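Let's take a walk through this one together.

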Amino acid sequence: MRLYLINPSNPLVSIVKVRESRWNRYRVWKPLSLMVLAGLTPSGWDVSIMDENLGVQDYEAMPCPDLVGITAFTSQANRAYEVAAYYRRRGIPVVMGGIHATMCRDEVMQRTDSVVTGEAEGIWTQVLDDAAHGRLLRRYDGGLADAQAFRPARHDLLPAGYAFGSIQTTRGCPLNCSFCSVTAFNGSHYRQRPVADVIREFRLIREDRVLVVDDNLIGTRPRDIARAKELFRAMARANLKKEWIAQATINFADDEELLTLASKAGCRGVFIGFESATPEGLREVGKKFNLRKGRDFRASVRRIQQHNILVVGSFILGLDIDKPGSGRNIARTASHYGVDSLNVLFLTPLPGTRLWDRMKEEGRIALDTFPEDWKYYTLTFPVARYTHLSPEAAIQEMVSCDRHFYSMPRVLRRLWSSVRGRRQPLISLVGNLSYRSNLRLSRKAYAAFRQPSGEQPGFESKPLPGGTASLSRCTLRQGSSARI
Ligand code: B12
Ligand code: SF4
């Protein structure tokens with residue numbers, strides 16, 4: 001039995017534009033969900049993973065599979081449906097799972113043969129068995145898996161050429177920010193894999209650099225921190241010779257021992273959600289956690305960096321409190337905190353989140369022709385109606401923020417600071433240059449986004465052989481540019 005597992009690409013996601021910016025090569029990440037799914041697949045199946053982010057395969061020229069499994073974030077849903085339609089027309093059953101399938105089950109059911117909601121660990125072998133016997137059900141639910149049941153991903157299946165391998169050591173997050181899908185999807189119960197399992201899996205990764213995909217690697221409670229320390233100690237003892245980056249909350253900075261152990265275990269960078277430059281903004285998104293202990297963010301960032309760990313700061317633009325000038329304010333705040341890279345995203349109502357419920361109720365979801373408009377849910381387009389910013393103004397704020405933070409003199413200043421602090425200058429430079437060159441790509445995408453009608457060449461996805469419809473056009477509908 002032949003199984004194809006497909007990660008659909010969204011050409012509007014700038015980091016997959018490897019040809020337009022060579023720096024993006026370092027930022028195409030492995031689709032871990034499919035690698036995990038392959039790891040759960042019994043040996044009777046011949047599994048291939050196709051990652052369209054590396055380039056769309058010529059499906060026509062490939063042998064016909066017996067089953068196709070597709071994963072998708074919301075932003076990938078349109079392309080997922082194109083791929084599904086292509087295979088279904090050929091009579092091959094298609095099953096879809098992942099975050100979008102879970103949050104928009106009915107939409108997915110209309111376009112696939114079967115949908116799997118929740119996590120795959122507890123249900124995937126049954127899905128495969130049913131498919132093999134021609135009795136695939138329309139829907140399955142995997143619920144939440146026990147951390148003991150997580151199986152190692154198939155790190156051997158994808159071609160070499162990714163800059164980073166990937167691994168997961170925990171699922172879920174103890175916080176519940178209003179804009180984030182994690183708690184809605186993975187639950188608030190923070191599940192940690194047994195340390196020995198993580199070490200064993202690390203050894204299977206071929207790449208020297210690894211992305212730890214956990215939403216919050218260290219957690220927030222004392223027992224979470226204790227487990228993180230245990231993990232880091234074990235990683236250092238195992239002498240894995242891997243350098244890795246991860247996501248964490250700002251409390252990472254509060255424990256010297258934790259930082260020392262993380263650094264010894266190979267931590268070279270951490271992605272931290274600061275979310276807003278103001279306390280009001282943090283309250284608005286439900287991240288009061290960042291306000292605890294009268295935190296000094298600049299000192300916290302410095303403490304992390306002193307352990308040779310880079311800090312990437314993430315902020316949101318378009319909060320109800322954000323007014324003209326907010327973009328610059330974010331850039332200034334991030335420079336003041338001293339972060340090594342800045343990642344700013346538009347406030348985006350993702351299905352299943354509290355933000356979605358609120359904005360829907362308030363009639364503030366501007367791009368709502370679904371599924372077509374999902375392709376703009378990349379967090380890099382203003383898809384909602386913001387309180388004080390029209391879409392054009394929101395884009396202006398984003399451009400001004402990026403221009404300010406990624407101006408060449410500032411990039412060089414940060415590079416010098418990381419050279420002086422012996423803090424991964426090469427990674428810092430690649431990160432900054434990649435963000436900088438994506439500004440050009442973003443500006444192109446914004447220009448097309450603002451066109452009120454007509455096909456927009458930059459937005460078309462590559463048609464599949466056999467001719468499925470191209471992605472429908474951008475529809476910033478009449479009136480959506482008016483301030484609300
Ligand atoms: C790593 C990661 C990335 C990597 C992607 C790597 C990759 N190629 O997959 C990078 C950094 C590139 C990325 C980018 C983006 N991401 Co991201 N990302 C994550 C993160 C932190 C972990 C995902 C992961 O690997 N999990 C580990 C695997 C094992 O778990 P899983 O994917 O859930 O898979 C399990 C189940 O879902 C299920 N399953 C999944 N697929 C399938 C398929 C089938 C057939 C079946 C049966 C089951 C199944 O089985 C798996 C095992 O249980 C998640 C947070 C999260 N907790 O999901 C956010 C998350 C998925 N990202 C999110 C977003 C918004 C984005 C971006 C749009 C915006 C951005 N700038 O971050 C971009 C879009 C990228 C794109 N191509 O469209 C949102 C998505 C919400 C949504 N509704 O889509 C999440 C949930 C974060 C959040 N805070 O809300 N991301
Ligand atoms: S801390 Fe991060 S992962 Fe946790 S709920 Fe907030 S945004 Fe999501």
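How many nonpolar, polar and charged residues does the shell around ligand 1 have? Count them by class and you get 22 nonpolar, 15 polar and five charged residues. Bear in mind as we go that this is a predicted model.

Stay with ligand 1 for a moment. There are 42 residues around it, and those that come nearest are Thr71, Thr74, Ser75, Glu121 and Asp215. Zoom in on Thr71: a polar atom of its side chain sits 2.6 Å from a nitrogen atom of ligand 1. The backbone gets involved too. Ala120 has a backbone N or O atom 2.9 Å from an oxygen atom of the ligand, and for Ser181 a backbone N or O atom lies 3.0 Å from an oxygen atom of ligand 1. As for secondary structure, two or more residues of this shell come from each of helix H1 (32–40), strand S3 (67–71), strand S4 (94–97) and helix H6 (182–186). H1 gives the largest share, with four residues.

So what does H1 itself look like, enclosed or open? Seven of its nine residues are buried, so the helix is largely enclosed by the rest of the structure. The buried ones are Leu32, Leu34, Met35, Val36, Leu37, Ala38 and Leu40. Around them you'll find strand S1 (2–7), strand S2 (46–51), S3, helix H5 (124–132) and strand S7 (165–167), which the buried residues of H1 pack against.

Next, the interior. In soluble globular proteins, nonpolar side chains tend to be buried together. Here the largest nonpolar core holds 107 residues, and the members that touch the most others are Tyr87, Phe232, Trp244, Phe252 and Phe274. Take Phe232: leaving aside neighbours within four places in sequence, it is in contact with Leu217, Ile218, Trp244, Leu258, Leu261, Ala262 and Ala265.

Arg364 is in the loop between helix H13 (354–361) and helix H14 (391–405), and it counts as buried because its relative accessibility is 9%, under the 20% cut-off. Its side chain makes a polar contact of 2.9 Å with the side chain of Asp320 and another, of 3.4 Å, with that of Thr387. Contacts of Arg364 beyond four places in sequence also include Arg358, Met359, Ala384, Arg385 and Tyr386. Asp373 is in the loop between H13 and H14 as well, and it is buried, with a relative accessible area of 0%. Although 298 residues separate Asp373 from Ser75 in sequence, their C-alpha atoms are 8.7 Å apart in space.

Finally, how far can you trust the picture? The mean pLDDT of the protein chain is 89, and 90% of its residues reach 70 or more. Over residues 451–484, though, the pLDDT is below 50, even though this stretch has 78 contacts in the model beyond near neighbours in sequence. Where pLDDT is low, the predicted coordinates should not be read in detail.

Conventions:
Residues are numbered from 1 along each chain as its sequence is written. Chains are lettered from A and ligands numbered from 1 in the order in which they are written. This is a predicted model: local features need pLDDT of at least 70, side-chain atom pairs count only at pLDDT 80 or more; totals for chains, interfaces and linings use all residues. Side-chain values use heavy atoms; hydrogens and water are left out. Buried means under 20% relative accessible area, exposed over 50%, partly exposed in between (1.4 Å probe, protein chains only). A residue is near a molecule or strand if one of its heavy atoms lies within 4 Å of it. A polar contact is a pair of N or O atoms within 3.5 Å; within protein, one must be able to donate a hydrogen and the other to accept it, and residues adjacent in sequence count only if both atoms are side-chain atoms. Ala, Val, Leu, Ile, Met, Phe, Trp, Tyr, Cys and Pro count as nonpolar, Asp, Glu, Lys and Arg as charged, and the others, Gly among them, as polar. Contact means heavy atoms within 4.5 Å. pLDDT is the predictor's confidence in each residue, from 0 to 100. A nonpolar core is a set of buried Ala, Val, Leu, Ile, Met, Phe, Trp, Tyr and Cys residues joined through side-chain atoms within 4.5 Å.
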